[in-house]
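Colleague: Hey, I'm new to this one. Could you bring it up and walk me through a few spots?

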Amino acid sequence: QHAVYGGIDTGFMMSLEDSTTWDGAAIVHVLQTADILPTQSVWDTTLLRYLQLAVVRETGASAVISVGHAPNGGTTFTTQATLDVVGGTDRWRRVTQALNLTAWSHKLQLSLTTTDKGRAPQLLGMGLAYRVVREEVS
């Protein structure tokens, strides 16, 4: 039998793909986008209205994705919402969250901490609804 190992920042080797925890500690799954310019124009300030995620539905006790936002090239994320990806009976789950985030650029972070899942939820797609609140002309 073969095993896959990886090194962590403390200098220890960990067996991968072998458990639902890291040596007893919860596993944190994180996806972070680059800065998003919704209109692809550097002149526009936009209001993010909705975020929609399509995921493979999870089973088990809980799977909640926290959504963070860092505006205008920032690196500090403020939690905006938590989305349940367990509910329903279909194979895929689509969750929509209303937002009210005005910025020139938007960076999003999706994170989930789990001890009962062998893998992170499978993200099928992500969509944003927005509107232009002003066009900057200097």
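Colleague: Let's start with Ser-66: which residues does it touch, not counting those up to four places away in sequence?

Modeller: Ser-66 touches Ala-81 and Thr-82, and also Gln-109, Leu-110 and Ser-111. Keep in mind that this is a predicted model.

Colleague: OK. How far apart are Ser-66 and Ser-111 in sequence and in space?

Modeller: They are 45 residues apart in sequence, and their C-alpha atoms are 5.2 Å apart in space.

Colleague: And where does Ser-66 lie?

Modeller: In strand S5. Ser-66 is partly exposed, with a relative accessible area of 23%.

Colleague: Why does that count as partly exposed rather than buried?

Modeller: Buried means under 20% relative accessible area, and Ser-66 has 23%, so it is called partly exposed.

Colleague: Tell me about Leu-83. What is it in contact with, leaving aside neighbours within four places in sequence?

Modeller: Leu-83 is in contact with Leu-51 and Leu-53, then Ala-63, Val-64, Ile-65 and Val-67, and also Val-95 and Gln-97.

Colleague: Now the surface. Which residues form a nonpolar patch there?

Modeller: Ile-8, Phe-12 and Trp-22 do, with about 290 Å² of accessible area together. Trp-22 is in the loop between strand S2 (13–16) and strand S3 (27–32), and it is partly exposed, at 33% relative accessible area.

Colleague: Last topic, backbone. What's the phi of Gln-40?

Modeller: Near 65°, a positive value in a residue other than glycine. Most residues other than glycine have a negative phi.

Colleague: Where is Gln-40 found, and is it buried or exposed?

Modeller: Gln-40 is in the loop between S3 and strand S4 (44–56). It is exposed, with a relative accessible area of 74%.

Colleague: And what about the phi of Asn-72?

Modeller: Asn-72 has a positive phi too, about 55°, although it is not a glycine. Its place is in the loop between strand S5 (64–71) and strand S6 (78–84). Asn-72 is partly exposed, with a relative accessible area of 45%.

Definitions and conventions:
Residues are numbered from 1 along each chain as its sequence is written. This is a predicted model: local features need pLDDT of at least 70, side-chain atom pairs count only at pLDDT 80 or more; totals for chains, interfaces and linings use all residues. Side-chain values use heavy atoms; hydrogens and water are left out. Patches are made of residues with over 30% relative accessible area and no salt bridge: like charges are joined within 9 Å, nonpolar side chains (Val, Leu, Ile, Met, Phe, Trp, Tyr) within 5 Å. Accessible areas come from the Shrake-Rupley method with a 1.4 Å probe; for residues, only the protein chains shown count as cover. A salt bridge is a side-chain nitrogen of Lys or Arg within 4 Å of a carboxyl oxygen of Asp or Glu. Helices (H or I, at least four residues) and strands (E, at least two) are DSSP runs, numbered from the N terminus. Buried means under 20% relative accessible area, exposed over 50%, partly exposed in between (1.4 Å probe, protein chains only). Contact means heavy atoms within 4.5 Å.
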